[in-house]
Amino acid sequence: MPEIVTAAMLVIGDEILSGRTKDKNIGHLADVMTAIGIDLKEVRIVPDEEDEIIAAVNAVRARYTYVFTTGGIGPTHDDITADSISKAFGVPCEYDARAYAMLEASYAARGIEYTEARKRMARMPRGADLIDNPVSVAPGFRIGNVHVMAGVPSIFQTMLDNVVPTLKAGTKMLSATVPCPFGEGLIGGPLGDIQKAHPDTIIGSYPKYGDGKFWTELVVRARSQEALDAARADVEAMVAGFASNPG
């Protein structure tokens, strides 16, 4: 049987929900997860509110193999992700000695004061492992199956690069695209029957519009070539049948 590994993402921050900041991390994580055979099953955007973060973390960490969070680990008063996740796991949030020393050395080398606000970036749940940050030093962290990373896209991406080798990859999803010159209203019924006949596949229907007419892009996905080929053949036969008898 194919091994199915799942993931969820929590995007944390009022600035995302208000529209002031446009998220660029969801698509990147989805691309990376797909490439290594992990199914990104859910994305939630939550505000900078402790109770909301705790509830969301506890909900998704119990349901999926991995959880990835972005945002809320900076030096300001509204960066409450570390505190919230500590409470979700029932452990203290405290200075990590290695993170504290890394940040202290980095600021000293640049002649910058190591303020109390900057020290906040060394706080994390007791027992957490560090996620290295080669861009701006301040690390992310992992506790249980939850990976906590920065919201700045360039930093998030480098942190994720360091996380990926530690993940258990699943069986990669194969895909095939079948162009269909007909709209969903015509093919919807037969396509549903094909999906039922091929439960080991996922058949997606994506409506398109151009040159004054509707058409559909059909995408078949499966974890085995045999299942993919069988479902694709039925989809292609359906499209060909409508082409030969459009009425």
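Mentor: Start with the lining of the largest pocket: by class, it has 15 nonpolar, 12 polar and 8 charged residues. Nonpolar means Ala, Val, Leu, Ile, Met, Phe, Trp, Tyr, Cys and Pro; charged means Asp, Glu, Lys and Arg; the others, Gly among them, count as polar.

This is a predicted model: local features need pLDDT of at least 70, side-chain atom pairs count only at pLDDT 80 or more, and totals for chains, interfaces and linings use all residues. Residues are numbered from 1 along each chain as its sequence is written, and side-chain values use heavy atoms, leaving out hydrogens and water.

The pocket holds about 490 Å³ of space. A pocket is an open set of points on a 1 Å grid over the protein atoms alone, with protein on both sides within 12 Å along at least five of seven lines; a cavity is a set where a 1.4 Å probe fits but cannot get out; lining residues have an atom within 4 Å of a point. Points are joined across faces, edges and corners, and volume is the space filled by probe spheres set on them.

Of the 35 lining residues, Gly71, Gly72, Ala150, Gly151 and Val152 lie nearest the pocket's centre. At least two lining residues each come from β1 (5-12), α1 (14-18), α5 (97-109) and α7. Helices (H or I, at least four residues) and strands (E, at least two) are DSSP runs, numbered from the N terminus.

Now follow α7 (residues 153-163) to its partner, α2 (residues 25-35): their axes come within 10 Å and cross at roughly 20°. That makes α2 roughly parallel to α7. Angles under 35 degrees count as roughly parallel, over 145 as roughly antiparallel, 65 to 115 as roughly perpendicular and the rest as oblique. Axes are lines fitted to C-alpha atoms, for helices over the stretch in contact; angles run from 0 to 180 degrees between N-to-C directions.

From α2, Asn25, His28, Leu29 and Val32 meet Pro153, Phe156, Gln157 and Leu160 of α7. Contact means heavy atoms within 4.5 Å. This contact has 5 nonpolar, 3 polar and no charged residues.

Finally, there is 1 cavity of 30 Å³ or more. The largest cavity holds about 100 Å³.
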